[in-house]
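Welcome! Let us take a walk through this protein together, starting with the whole and ending with a few single residues.

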Amino acid sequence: MKVISAKHLNEIHQIVQSGRVLTDESDRYSYSFDGSFGTFLPDVVIQTKSVQELAELIKLANREGIPVYPRGQATSLSGGPLPVHGGMVFDLSVMDDVLEIDEEDLVAVVSPGVLTASIHKAAEEKGLMYPPDPSSSHVSTIGGNLAENSGGPRGLKYGVTKDYVIGLEVITPEGDIIQTGGKTVKNVTGYDLTKLIVGSEGTLGIITKAILRLIPKPPATASLMAEFINLVDAGRAISKILSSGILPSKMELMDRASIIAVENYQPMGLPVDAEAILLLELDGHPLALKDEIVKAEQLCMSVGANKVKIPKNNNEKEEIWKARKLVSPAIVRIKPTKISEDATVPRSRIPDMCERLQQIKEKYQIHLVVFGHAGDGNLHPNIICDKNDEDEMARVEKAVTEIFTAAIELGGTLSGEHGIGTMKAPFMEMELGKAGLDMMKRIKEAWDPNHIMNPGKIFPEPGQKLELK
Ligand SMILES: Cc1cc2nc3c(=O)[nH]c(=O)nc-3n(C[C@H](O)[C@H](O)[C@H](O)COP(=O)(O)OP(=O)(O)OC[C@H]3O[C@@H](n4cnc5c(N)ncnc54)[C@H](O)[C@@H]3O)c2cc1C
């Protein structure tokens, strides 16, 4: 159902002087999906670099009750930018002109459409590092990362996006432009609105600028790949290493299904008979790394690793990390539909979660591939299926519910980094309880009294369930 009338469209054209207003069906179709599934056509798409124009559009939307959806590069795996109730999509990927590295204050000032990998590169050129590194960093925007509070392999040692944001410029759902925080490392002036906006999935406002904290780049890295004949042993190796005093910068797990998928996709000599491989990266002073990598090898062997490989040069190092990067493109070749979950458990419960996932896989006879940032408990159980196969999808829905239930029972959470979006909204009460969810709704109500900002996300809506078609 169209929510934008000819009169609205006329007003939109008057406001947008420096950008583009897209109304052709073919253009709008390009904005109807993201990295999850489900297709929802917006009424209109706006591309503008002008914060003032965006603010005026939001005032119009707020006055007329038109839904608006901020969107970066639409790599969201939870349905975050989908225009589920029609209305206006703001393509913020075009807002990419500011990327300043301030070496004295150790911060980066960025526009929301800048790709995260560009921030990594700009910081590294000055001997600095912006640690959050979602695996999608070459294709996702910093605005999307901020809205989703994205993590990544380095989250284990360095934390996630929220740990590096100290200031924001935000357009509120009523069209005001506000600044939160600033360039100072310390700031306790009132409520921390910066942290409230980060991770709010575009439901509380539109981020139009961010100030990010940078740190000195570690001088060296070392990597290791350990093979296991048992997935649960790999889980035990993770706990063992983390309780030994070694804090890897990355600790990634690939199960047998993902190893085989990568080998079929791009043969690189991975051990297809192993049940799991564990990939480790350590960073710091080269002398300390020499000791730590040997210790990590011994710890893996002590819990049943079959074989440990320590790359001798950068090429070998890149090769083992390439394997992990290829998992996502490799598994989508198996079947057309990929359901990416990121239920997360406390580190000590990783072996239990591995066991529960194996049970769920067998119980529902689903194609479950497990990989991910295992060091911080953030496994990525991915279900590979075909959304046109009704029988399979019925089993998949039950399996997804059981994955969430297992994570919560083990003291974990529905989502470690991909966000709630539309996909996990029906399960929110399971984790938060009614009172917890109500408190969140009250915050939303205070910021967005007319419910125009990215509706249909985070909060369950009547009749909403895991929509697989
Ligand atoms: C192959 C692959 C690997 C991935 N790996 C990781 C990973 O390792 N870690 C991880 O955390 N995620 C990962 N993701 C998920 C995804 O890349 C992240 O959520 C990313 O931050 C989304 O950025 P985007 O620019 O694509 O935003 P979009 O998908 O366009 O939007 C995401 C959300 O942010 C909101 N939004 C976007 N821009 C703004 C803005 N300026 N102001 C307010 N709200 C805004 C949208 O409304 C939406 O709710 C991966 C995805 C893929 C496809």
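## A guided tour of the fold

The mean positions of the 51 positive and 64 negative charges of the protein lie 2 Å apart. Please keep in mind along the way that this is a predicted model.

Now for the overall build. The protein contains 15 helices and 18 strands. Its C-alpha trace spans about 70 × 60 × 45 Å along the principal axes. How does the radius of gyration agree with that of a compact globule? For 469 residues, such a globule would have a radius of gyration near 23 Å, and the protein has 22 Å, which agrees.

Of the 469 residues, 57% count as buried. The protein exposes about 19,900 Å², and carbon and sulfur atoms supply 51% of that area. The contacts tell us how the chain comes together: among those in the protein with a separation of 6 or more, 72% are accounted for by residues 24 or more positions apart.

Let us turn to the cysteines. A disulfide is a covalent bond between the sulfur atoms of two cysteines. How many disulfides are there here? Counting pairs of cysteine sulfur atoms within 2.5 Å, the total comes to zero disulfides. Cys300 is an example of a cysteine in no disulfide, since the nearest cysteine sulfur, that of Cys354, is 14 Å away. Cys300 counts as buried because its relative accessible area is 0%, and buried means under 20%. Cys385 also counts as buried, at 0% relative accessibility.

In helix α4 (residues 116-124), the buried residues are Thr116, Ala117, Ile119, His120, Ala122 and Ala123. What covers them? The cover of the buried residues of α4 includes the strands β5 (99-102), β6 (107-110), β7 (128-129) and β10 (206-213), together with helix α5.

Helix α5 itself covers residues 142-148, and Glu148 lies in it. Is Glu148 buried or exposed? With a relative accessible area of 16%, Glu148 is buried. Leaving aside neighbours within four places in sequence, Glu148 is in contact with Ser76, Ser78, Gly80, Gly199, Glu201, Glu417, His418 and Gly419.

A strand comes next. Thr180 lies in strand β9 (residues 177-181). At 5% relative accessibility, Thr180 counts as buried. Which residues does Thr180 touch, not counting residues up to four places away in sequence? They are Ile166, Gly167, Leu168, Leu193 and Thr194. Thr194 sits 14 residues from Thr180 along the chain, and their C-alpha atoms are separated by 5.6 Å.

Our last stop is a loop. Ser249 is found in the loop between α8 (231-242) and β13 (250-255).

Key
Residues numbered from 1 in each chain as written. Predicted model: local features only at pLDDT ≥ 70, side-chain atom pairs only at ≥ 80, totals over all residues. Heavy atoms only, no water. Helix = DSSP H or I, 4+ residues; strand = E, 2+ residues; numbered from the N terminus. Rg over C-alpha atoms; globule rule 2.2 N^0.38 Å. Buried < 20%, exposed > 50% of the residue type's maximum accessible area, 1.4 Å probe, protein only. Contact = heavy atoms within 4.5 Å. Areas by Shrake-Rupley, 256 points an atom, 1.4 Å probe, with all protein chains shown as cover. Lys, Arg positive; Asp, Glu negative; His and termini not counted. Charge placed at Lys NZ, Arg CZ, Asp CG, Glu CD.
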